[in-house]
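The plan is to look things up one at a time and jot down what turns up.

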Amino acid sequence: MPAHRPIRSSTARRRASIALATSSVALLTACASQPAPMPEVGTDSVVEGLDAPWSIAFHDGVALVSERDSARVLEIADDGESREVAVIDGVVPAGEGGLLGLAVRDGELFTYFTAQDENRVERREITGEAGDLALGEPMTVIDGIPAAGNHNGGRIAFGPDGMLYITTGDAGDRDSAQDVDALSGKILRLTPEGDLPDDNPFDESPVFSYGHRNPQGIAWDAEGTMYASEFGQDTWDELNVIEAGGNYGWPEVEGIADDDEFIDPVQQWSPDEASPSGIAVTGSDILIANLRGERLRVVPLDDLTTSTERFAGELGRLRDVVTGPDGTPWILTNNTDGRGSPRPGDDRILRLDGD
């Protein structure tokens, strides 16, 4: 398919003030010793009993979910039942690795997963109807992405330009994030078939942006501006506006550095309040699922330096947030991955009620 021009944001170099909510810290601390009950209002359970789920994607209105450690892809029925569509061959779960991101385009399922010595992306035809979906044979989109017990990235999504964007972590090799010839510590951009778009920012390279530690969520607003969430190390987690060819600083800097050599985040948070994972964009907000911070953060598109919070300590770890076929946000919890405190029914998908 023909390549398209990437959309570049003029806002990406804006410096930002830090929005920290001390009252939410107190609430989280109070809830940390014992799992809080499910909230009585604000959410509607779509499905329960998932095992270390990681990503949600939709095929013809049907939700598909990846489970990191089992390597299963599940379809979720309207009655809340889950059904195994396939077990992805070659997945080697270890630490933070396993079956990670999902994306769907033109009747194909794209999967990002950790294999024996690498991370890779494959695509498979989706066959059958709802309640009887199956997957065809795998075709490799990209392989050779460095893998490790942590910092594997793993989010994949199609941008408004029709290209496939892939987040990769530094896989424990910090300096590789600054090496544009390495695939680790990057956001990559490819055609759906795995070819290199001729308008990528670096010649003969899938690299779209670099200097990332472990980017975990990507999404676009209606104007085509791209946003990414990123795990920091000890000091700052980040929300970034992504430019083609942009250098986001890791490992030279973490968080807002006021250094013209790097692109600063538009907002940053202490990791104990955040560990931002999947993100979604609604008509007016960026929604950010937080793992360690156990909350949904809401960033208004008209003021990227501010945020509010929902469900702090109420749902446990949040791995992903997506917009459903009707535009309603869906939240994926992640309490059964060995780092959370599972509640009855965990893990689950919750649909947000309208406000």
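**Entry 1**

I started with His151, which sits in the loop between β10 and β11. Strands here are DSSP runs of E with at least two residues, and helices are runs of H or I with at least four, numbered from the N terminus. Before going on, I note that this is a predicted model, where local features need pLDDT of at least 70, side-chain atom pairs count only at pLDDT 80 or more, and totals for chains, interfaces and linings use all residues. Residues are numbered from 1 along each chain as its sequence is written, and side-chain values use heavy atoms, with hydrogens and water left out.

His151 is not a glycine, yet its phi is positive, at about 60 degrees. Its relative accessibility is 14%, so I put it down as buried. For that word I use under 20% relative accessible area; exposed is over 50% and partly exposed is in between, with a 1.4 Å probe and protein chains only.

Ala171 has a positive phi too, about 55 degrees, and is not a glycine either. I found Ala171 in the loop between β12 and β13. At 16% relative accessibility, Ala171 counts as buried.

Then I checked peptide bonds. The one from Trp250 to Pro251 is cis, with omega near 0 degrees, and Pro251 lies in the loop between β17 (237-242) and β18 (267-269). The bond from Asp346 to Asp347 is also cis, with omega near -5 degrees. Asp347 belongs to the loop between β24 and β25 (349-352). I flagged these spots because most residues other than glycine have a negative phi, and most peptide bonds are trans.

**Entry 2: the cores**

Which residues have the most contacts inside the largest nonpolar core? I got Val121, Ile142, Ile156, Leu164 and Ile166, in a core of 18 residues. A nonpolar core here is a set of buried Ala, Val, Leu, Ile, Met, Phe, Trp, Tyr and Cys residues joined through side-chain atoms within 4.5 Å.

Strands β6 (99-105), β7 (108-114), β10 (139-145), β11 (156-158), β12 (164-168), β13 (186-190) and β14 (207-210) each give at least two residues to this core. The largest share comes from β10, with 3 residues.

I picked out Ile142 and listed what it touches: Arg120, Val121, Ile166, Leu183, Leu188, Leu190 and Pro206, leaving out residues up to four places away in sequence. Contact means heavy atoms within 4.5 Å.

There is also a second, separate core of 17 residues, and Ala57, Ala71, Ile126 and Leu135 are among them.

**Entry 3: the largest pocket**

The largest pocket holds about 590 Å³. The search used a 1 Å grid over the protein atoms alone: a pocket is an open set of points with protein on both sides within 12 Å along at least five of seven lines, a cavity is a set where a 1.4 Å probe fits but cannot get out, and lining residues have an atom within 4 Å of a point. Points are joined across faces, edges and corners, and the volume is the space filled by probe spheres set on them.

I noted 23 lining residues, with Ile56, Ala57, Ala157, Phe158 and Val322 the closest to the pocket's centre. β2 (53-59), β6, β11, β15 (215-220), β19 (276-281) and β23 (318-323) each give two or more residues to the lining. By class, I wrote down 17 nonpolar, 4 polar and 2 charged. Nonpolar covers Ala, Val, Leu, Ile, Met, Phe, Trp, Tyr, Cys and Pro; charged covers Asp, Glu, Lys and Arg; the others, Gly among them, are polar.

**Entry 4: rings**

How many aromatic pairs does a search of the whole structure find? It finds 5. Rings of Phe, Tyr and Trp (its six-membered ring) pair if their centres lie within 6.5 Å; planes under 30 degrees apart are stacked, over 60 edge-to-face and the rest tilted.

Phe58 and Trp330 make an edge-to-face pair, 5.0 Å centre to centre with 85 degrees between the planes. Phe58 is in strand β2 and Trp330 in strand β24 (residues 329-333), so the pair ties together parts 272 residues apart in sequence. Both Phe58 and Trp330 are buried.

Phe110 and Phe158 are edge-to-face as well, at 5.0 Å and 80 degrees.
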